[in-house]
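The entries follow in the order in which I took them up.

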Amino acid sequence: MPIQYLEESKTFYLSTPNTAYVFHVTENGYLIHDYYGAWVPPCDLRAYSARTGKASFAPSTADLLVQTDTAPMEYSTNGVGDYRVSALQIREYRGNASTDIRYQSHRIYDGKREIPHQPATYAAEDEAQTLEIVATDKVTGARVTLFYTVFTNYDALARHARVENTAAHPMDLERVYSSCCEIPFGDWQICHLYGDWTKERTFERKDLPFGITSMESKRGASSHYHNPFVAIADKNATEDTGAVYGFNLVYSGNFSAQTEKNSDGDLRVIMGINPTDFGWKLESGEFFDTPEVVSVYSDGGLGEMSRTYHKLYRNNLCRGPWKNAKRPLLVNNWKGTYFNFDQDKIYNIALVAHEVGLEMLVLDDGWFGARNNDKAGLGDWVVNEKKLKGGIKALSDRIHDLGMKFGLWFEPEMVNPDSDLYRAHPDWCLQVEGREMSIGRTQYVLDLSRKDVRDYLFDAMDKILREARIEYVKWDFNRNITEPASALLPAERQKEISHRYVLGLYDLLERLLKAHPDLLLEGCSGGGGRFDPAMLYYSPQIWTSDNTDAIDRLSIQYGTSMCYPTSSVGSHVATCHSTRITPMETRANVALAGTFGYELDITKMTEEERESTKAHVAEYHKYYDLIHFGDLYRVVPPDGKECAWVYVSPDKSEALLTFVCIRGRKTTRRTVKFRGLDPDKYYADESGTVQSGRVWMNAGVNRTAVMRDSESFKVYLKEIGK
Ligand code: DGJ
């Protein structure tokens, strides 16, 4: 039984194959956290939550049973003596904001329920068990339900909270995090993913100071700048060993991940919607659901944590026919033509692409309205017949006649001021009356909280998708949100707009996928500005970065791999416009650690480049299953000199090692070691060398040649027996 209630000690025991999560109810109804870590059998662990008592400056409950400021609280609240970062703060109708919840009841069931109107992991009855705990606040009348789902096959725990107003008066939610996790004293470090446009999800690991550490977004999107992911790692944890707790929020909007290390060294980690620019009014009888946090505990280091996320997200977050189906090998025209194309130019790209073995032509920005640059036309989803005679249908038919699929770019959430849409509906943008609207990439943000706006967008996209055969849509989002206010919301609900926007986005995505269930969506936001688990629920692949320089991509893809599976990492062999020129071989080797595709004017390729492309296409097919469904081992992090990674098939019968020499030196590492093989199996490389897995993993591969900057190689192993 993955979830048990131990009556005698009032203990909730939750387990996965290798982990356990334990908390109990005190006599006065508090939920106190006891343990989260490597598997232990069901037992009474109440003694583990005891903390050193403090003097009067850390007050206790009136019955002296719990000192809320030091106790490991299962879901911390504000204003009743716990001065650390809190998960919940409710302002009641009389104006005060002290919140205090006590246990009432619980239930345990097989499987997992949906979070209404929100993306989340899902599970069949035999794949998970769920615990729902109800705790109430007798003063505010809040009824809080804490949801915990443990997965039978993965060391993962999904949590979210629901707050219901059972009082006769309205209440205001001021902060309502998805999860609170208490980690006892230790040498903990924080790992997180920071970045920028063209530098997304850069990995950083650092010591945690006393006090609060915060990673967040207030940009209206999960953002390029911080990802809704943090890991708390033991200082000695490595890629392969040691304790690591990962936390990842299934949300595409403003998020907050905060840690607070108290003076005893105990650590609290909370994660959820960012309380800045957030508030939610609950009328009597209404409820609010937070998004979900997925936490993974690993005592096999960061590598094992990542592999758990990868499998869970591939199998229990991504949906639809493209979840496991082989994705079409695409060529995108953006970096090849930008806005400067017509039907013949695109067709010629498809022609050559088809010759070298590519399977889908994606037409990027510039096919609609007066969109000849990024200053006009956005929002006018009507084909520009000057560029594309006969419309999208004529082009799509020609592409299909070649035997290829066809994909199309949209940026539904935005509008250029110079567009028919804006001229007709200026009030459809997010804006504050009387204040000039900020502008980004010459565009404003449409108010997706409005149903009429979503209806317009749905109808416009649906029409295009019905008129022509379109198998794929790239859904872009190219600026962050400012002046978050809606013309339709009453004053007391304006604080809800950032979250309502995100819910509107989910609604539109869901509606589109319902109407076009076979569509493959690729998420995008000026590269990877909205690369989060919530978007993966709709789009199983996401464009990772506008930076397609193979060397810069190493650290972008390394950071992304912390929690997102390779099958989600949109990666292309592309024109080197912004940075250095790297060998095609290396561009392909790096792009192979993702969905793989091309983004250049393929008609300009030399004969030699076309031949090498054919070879890389063949490799894409050969390694597809291994890379998309295999286990990833990060062997050498991109440290400025070199980088290497290994994929191992689930049955350990094949493996592929890729090594990139970032900076060639006489002393470049020549020995690179495999990981994850069966030590007792024998594997042959493509030159016929046979060694046991033990030798490939301990002695590794010896490359004696001095490698130049940006060169790379791969070694493929196949099992030949025990
Ligand atoms: C930003 C995306 O990241 C690019 O790939 C491209 O689609 C452009 N937008 C088009 O405007």
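I take accessible areas from the Shrake-Rupley method with a 1.4 Å probe, and for residues only the protein chains shown count as cover. On that basis I noted an accessible surface of about 26,300 Å² for the protein chain, 50% of it belonging to carbon and sulfur atoms. What I am looking at is a predicted model, in which local features need pLDDT of at least 70 and side-chain atom pairs count only at pLDDT 80 or more, while totals for chains, interfaces and linings use all residues. Residues are numbered from 1 along each chain as its sequence is written, and side-chain values use heavy atoms, with hydrogens and water left out.

For charge I counted Lys and Arg as positive and Asp and Glu as negative, leaving out His and the chain ends, and I placed each charge at NZ of Lys, CZ of Arg, CG of Asp or CD of Glu. The protein chain carries 84 positive and 100 negative side chains, and the centres of the two sets are 3 Å apart.

With helices (H or I, at least four residues) and strands (E, at least two) read as DSSP runs numbered from the N terminus, I found 12 helices and 39 strands in the protein chain. Its radius of gyration, taken over C-alpha atoms, is 26 Å, close to the 27 Å that the globule rule (2.2 Å times the number of residues to the power 0.38) gives for 722 residues, so the chain is as compact as a globular protein of that length. The C-alpha trace spans about 80 × 70 × 45 Å along its principal axes.

I call a residue buried under 20% relative accessible area, exposed over 50% and partly exposed in between (1.4 Å probe, protein chains only); buried residues make up 63% of the 722. Taking contact as heavy atoms within 4.5 Å, I noted that 68% of the contacts with a separation of 6 or more join residues 24 or more positions apart.

Is K138 buried or exposed? K138 sits in the loop between β7 (128–136) and β8 (142–151), and its 81% relative accessibility makes it exposed.

I pair rings of Phe, Tyr and Trp (its six-membered ring) if their centres lie within 6.5 Å, with planes under 30 degrees apart counted as stacked, over 60 as edge-to-face and the rest as tilted. The count by this rule is 37 aromatic pairs. One of them, Y21 with F23, is edge-to-face at 6.0 Å centre to centre and 80° between the planes, and both residues are buried. Y506 and Y538 are stacked, because their ring centres are 5.7 Å apart and their planes lie at 25°. Since Y506 lies in helix α7 (residues 497–515) and Y538 in helix α8 (residues 533–538), this pair ties together parts that are 32 residues apart in sequence.

W645, in strand β33, is buried at 8% relative accessibility, and its contacts beyond four places in sequence include N589, V590 and R634.
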